[in-house]
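Hello,

Here is the structure we spoke about. Please look it over before reading my notes.

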Amino acid sequence: FRRRDYEGCAFVNILLESEVNSPVHRAAARHLLNIRNFVRGLAQDAGLADPQAFAETWHFLMKGAIVSAYEGDRNAACRARTAGEALLRSWDRAIEEMPS
């Protein structure tokens, strides 16, 4: 984020700049969905409750940091990390069922 030539995320940029529901818009959205699915898998493996909601919230932080950096906030990643750490500390863990 601190490089002078930082241009954001190509997929976020395409999503925002392309015509809604165009082939390129859909492709960018699919790529972003793949990222959320990856994060959901990590959340599931970590035993977090509602891995889908966690992935959506985490991805929200990621995209927000990317856009903020593109606006010129070169410390956006640091702020997102702090928020992410708080999110991880406060997120409920899945309750394992006790064996019968």
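This is a predicted model: local features need pLDDT of at least 70, side-chain atom pairs count only at pLDDT 80 or more; totals for chains, interfaces and linings use all residues.

Residues are numbered from 1 along each chain as its sequence is written, and side-chain values use heavy atoms, with hydrogens and water left out.

Helix H2 spans residues 23-45. (Helices are DSSP runs of H or I, at least four residues, numbered from the N terminus.) H2 reaches 33 Å from first C-alpha to last, close to the 33 Å expected at 1.5 Å a residue; that expectation is 1.5 Å times one less than the number of residues. Glycine 47 follows H2, with a positive phi near 80°.

His25, Ala28, Leu32, Arg36, Val39 and Ala43 of H2 are buried (under 20% relative accessible area, 1.4 Å probe, protein chains only). The buried residues of H2 pack against H1 (10-17) and H3 (51-71).

The H1 and H2 axes (lines fitted to C-alpha atoms over the stretch in contact, angles from 0 to 180 degrees between N-to-C directions) come within 8 Å and cross at roughly 140°. Phe11, Val12, Ile14 and Leu15 of H1 meet Val24, His25, Ala28, Ala29, His31 and Leu32 of H2; contact means heavy atoms within 4.5 Å.

Arginine 36 lies in H2. Its relative accessibility is 19%, so arginine 36 counts as buried. Beyond residues up to four places away in sequence, arginine 36 touches Ala55, Glu56, His59 and Lys63.

Best wishes

Technical notes
Helices (H or I, at least four residues) and strands (E, at least two) are DSSP runs, numbered from the N terminus. Buried means under 20% relative accessible area, exposed over 50%, partly exposed in between (1.4 Å probe, protein chains only).
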